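This report describes the fold, the cores and selected residues of one protein model. The sequence and the structure are shown first.

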Amino acid sequence: AAASGGGDDGASAAKFFWFQVSGGIGTALFMGMYQLLLPVMKRMQVFGTYFNTAAYFVAYVVSIVWQTALHRWLVFGSDSPFLPALLAAYVTYSLSIGLSTALNAGLTKLGTGESIAYWTALLATGFLNYFTLESVM
(Lines give C-alpha, C1' and ligand atoms only; values in the text may rest on other atoms or scores of the structure.)
Protein backbone atom coordinates (compact mmCIF):
# COMPACT_ATOMS: atom_id res chain seq x y z
CA ALA A 1 0.00 0.00 0.00
CA ALA A 2 3.02 2.25 -0.40
CA ALA A 3 2.77 5.51 -2.30
CA SER A 4 4.19 5.12 -5.78
CA GLY A 5 7.71 6.32 -6.31
CA GLY A 6 8.89 7.67 -9.56
CA GLY A 7 10.53 11.00 -8.93
CA ASP A 8 7.89 13.32 -10.36
CA ASP A 9 6.42 16.03 -8.17
CA GLY A 10 3.06 14.24 -7.88
CA ALA A 11 4.67 11.05 -6.59
CA SER A 12 6.81 13.05 -4.15
CA ALA A 13 3.76 14.91 -2.87
CA ALA A 14 1.88 11.61 -2.47
CA LYS A 15 4.79 10.10 -0.54
CA PHE A 16 4.98 13.12 1.73
CA PHE A 17 1.22 12.98 2.29
CA TRP A 18 1.41 9.28 3.25
CA PHE A 19 4.38 10.07 5.49
CA GLN A 20 2.10 12.45 7.42
CA VAL A 21 -0.67 9.82 7.60
CA SER A 22 1.81 7.19 8.76
CA GLY A 23 3.23 9.61 11.33
CA GLY A 24 -0.26 10.40 12.61
CA ILE A 25 -1.09 6.72 13.09
CA GLY A 26 2.24 6.13 14.82
CA THR A 27 1.72 9.15 17.06
CA ALA A 28 -1.73 7.94 18.09
CA LEU A 29 -0.25 4.54 18.99
CA PHE A 30 2.58 6.28 20.86
CA MET A 31 0.07 8.35 22.84
CA GLY A 32 -1.92 5.22 23.71
CA MET A 33 1.19 3.45 24.97
CA TYR A 34 2.22 6.54 26.93
CA GLN A 35 -1.21 6.70 28.58
CA LEU A 36 -1.00 3.00 29.49
CA LEU A 37 2.49 3.40 30.95
CA LEU A 38 1.74 6.50 33.06
CA PRO A 39 -0.03 4.69 35.95
CA VAL A 40 2.47 1.82 35.80
CA MET A 41 5.47 4.14 36.12
CA LYS A 42 3.74 6.12 38.87
CA ARG A 43 3.03 2.96 40.89
CA MET A 44 6.63 1.78 40.52
CA GLN A 45 7.76 4.81 42.58
CA VAL A 46 11.25 4.47 41.12
CA PHE A 47 11.16 7.62 39.05
CA GLY A 48 9.64 9.97 41.61
CA THR A 49 8.07 13.04 40.07
CA TYR A 50 9.61 12.09 36.71
CA PHE A 51 7.35 9.07 36.18
CA ASN A 52 5.79 10.84 33.19
CA THR A 53 9.22 11.35 31.61
CA ALA A 54 10.03 7.67 32.09
CA ALA A 55 6.72 6.71 30.48
CA TYR A 56 7.38 9.11 27.59
CA PHE A 57 10.89 7.72 27.04
CA VAL A 58 9.83 4.06 27.04
CA ALA A 59 6.85 4.73 24.77
CA TYR A 60 9.03 6.78 22.39
CA VAL A 61 11.77 4.15 22.13
CA VAL A 62 9.25 1.35 21.52
CA SER A 63 7.15 3.43 19.11
CA ILE A 64 10.07 3.76 16.70
CA VAL A 65 9.64 0.06 15.87
CA TRP A 66 6.04 0.40 14.66
CA GLN A 67 6.68 3.83 13.15
CA THR A 68 9.42 2.32 11.01
CA ALA A 69 7.11 -0.51 9.93
CA LEU A 70 4.30 1.96 9.11
CA HIS A 71 6.61 4.19 7.05
CA ARG A 72 7.94 1.20 5.14
CA TRP A 73 4.45 -0.15 4.44
CA LEU A 74 2.49 3.05 3.77
CA VAL A 75 5.15 5.35 2.34
CA PHE A 76 8.32 3.79 1.01
CA GLY A 77 7.27 0.22 0.19
CA SER A 78 10.70 -1.18 0.87
CA ASP A 79 11.51 -4.86 0.57
CA SER A 80 14.96 -4.41 2.10
CA PRO A 81 15.73 -6.08 5.46
CA PHE A 82 13.88 -4.49 8.38
CA LEU A 83 16.67 -4.34 10.99
CA PRO A 84 19.01 -2.02 9.03
CA ALA A 85 16.03 0.29 8.36
CA LEU A 86 15.12 0.18 12.05
CA LEU A 87 18.66 1.11 13.05
CA ALA A 88 18.60 3.99 10.56
CA ALA A 89 15.28 5.14 12.02
CA TYR A 90 16.69 5.09 15.57
CA VAL A 91 19.68 7.17 14.44
CA THR A 92 17.44 9.57 12.51
CA TYR A 93 14.96 10.08 15.36
CA SER A 94 17.76 10.44 17.91
CA LEU A 95 19.35 13.18 15.85
CA SER A 96 16.05 14.91 15.19
CA ILE A 97 15.01 15.00 18.84
CA GLY A 98 18.33 16.66 19.68
CA LEU A 99 18.15 19.09 16.76
CA SER A 100 14.51 19.97 17.37
CA THR A 101 15.22 20.66 21.03
CA ALA A 102 18.17 22.90 20.13
CA LEU A 103 16.14 24.71 17.45
CA ASN A 104 13.24 25.22 19.86
CA ALA A 105 15.60 26.57 22.53
CA GLY A 106 17.32 28.87 20.04
CA LEU A 107 14.05 30.28 18.74
CA THR A 108 12.79 30.75 22.29
CA LYS A 109 15.99 32.57 23.23
CA LEU A 110 15.47 34.88 20.26
CA GLY A 111 12.08 35.82 21.68
CA THR A 112 9.90 33.69 19.41
CA GLY A 113 6.65 32.66 21.04
CA GLU A 114 6.34 29.13 22.41
CA SER A 115 3.84 28.01 19.81
CA ILE A 116 5.88 29.28 16.86
CA ALA A 117 9.05 27.73 18.28
CA TYR A 118 7.25 24.41 18.79
CA TRP A 119 5.71 24.21 15.32
CA THR A 120 8.85 25.48 13.55
CA ALA A 121 11.00 22.85 15.26
CA LEU A 122 8.41 20.14 14.58
CA LEU A 123 8.06 21.06 10.91
CA ALA A 124 11.82 21.33 10.36
CA THR A 125 12.51 17.93 11.90
CA GLY A 126 9.55 16.43 10.06
CA PHE A 127 11.20 17.39 6.76
CA LEU A 128 14.56 16.12 8.03
CA ASN A 129 13.00 12.80 9.07
CA TYR A 130 11.17 12.39 5.77
CA PHE A 131 14.19 12.99 3.53
CA THR A 132 16.57 11.01 5.74
CA LEU A 133 14.26 8.01 6.02
CA GLU A 134 13.42 8.17 2.32
CA SER A 135 17.11 7.75 1.51
CA VAL A 136 17.60 4.72 3.79
CA MET A 137 14.35 2.77 3.37
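A residue is called buried under 20% relative accessible area, exposed over 50% and partly exposed in between, with a 1.4 Å probe and protein chains only. By this criterion Ser 78 counts as buried, because its relative accessibility is 17%. The model is a predicted one, in which local features need pLDDT of at least 70, side-chain atom pairs count only at pLDDT 80 or more, and totals for chains, interfaces and linings use all residues. Residues are numbered from 1 along each chain as its sequence is written, and side-chain values use heavy atoms, with hydrogens and water left out.

**Overall architecture**

Helices (H or I, at least four residues) and strands (E, at least two) are DSSP runs, numbered from the N terminus. The protein has 4 helices and 0 strands, in the order α-α-α-α from the N terminus. Along the principal axes, its C-alpha atoms fill a box of roughly 50 × 40 × 20 Å. Of the 137 residues, 31% are buried.

Contact denotes heavy atoms within 4.5 Å. Among contacts between residues at least 6 apart in sequence, 62% join residues at least 24 apart. The protein exposes about 8400 Å², and carbon and sulfur atoms supply 71% of this area; accessible areas come from the Shrake-Rupley method with a 1.4 Å probe, and for residues only the protein chains shown count as cover.

**Nonpolar cores**

A nonpolar core is a set of buried Ala, Val, Leu, Ile, Met, Phe, Trp, Tyr and Cys residues joined through side-chain atoms within 4.5 Å. The largest such core has 13 residues, and those with the most contacts inside it are Phe 19, Val 75, Phe 76 and Leu 133. Helix H2 (51-76), helix H3 (82-109) and helix H4 (114-136) are the elements that give two or more residues to this core. H2 provides the largest share, 5 residues. Another core, of 8 residues, lies apart from it and includes Phe 30, Tyr 34, Ala 55 and Ala 59.

**Selected residues**

| Residue | Relative accessible area | Class |
|---|---|---|
| Thr 68 | 0% | buried |
| Ser 78 | 17% | buried |
| Ser 94 | 48% | partly exposed |
| Gln 45 | 69% | exposed |

Thr 68 lies in helix H2. Leaving aside neighbours within four places in sequence, Thr 68 is in contact with Phe 82, Ala 85, Leu 86, Ala 89 and Met 137.

Ser 78 is located in the loop between H2 and H3. With residues up to four places away in sequence excluded, Ser 78 touches Arg 72 and Met 137. Its side chain also makes a polar contact with the side chain of Ser 80, at 2.7 Å. A polar contact is a pair of N or O atoms within 3.5 Å; within protein, one must be able to donate a hydrogen and the other to accept it, and residues adjacent in sequence count only if both atoms are side-chain atoms.

Ser 94 belongs to helix H3. Ser 94 and Thr 53 are 41 residues apart in sequence, and their C-alpha atoms are 16 Å apart in space.

Gln 45 lies in the loop between helix H1 (9-44) and H2. The phi of Gln 45 is near 55°, a positive value in a residue other than glycine. Most residues other than glycine have a negative phi.
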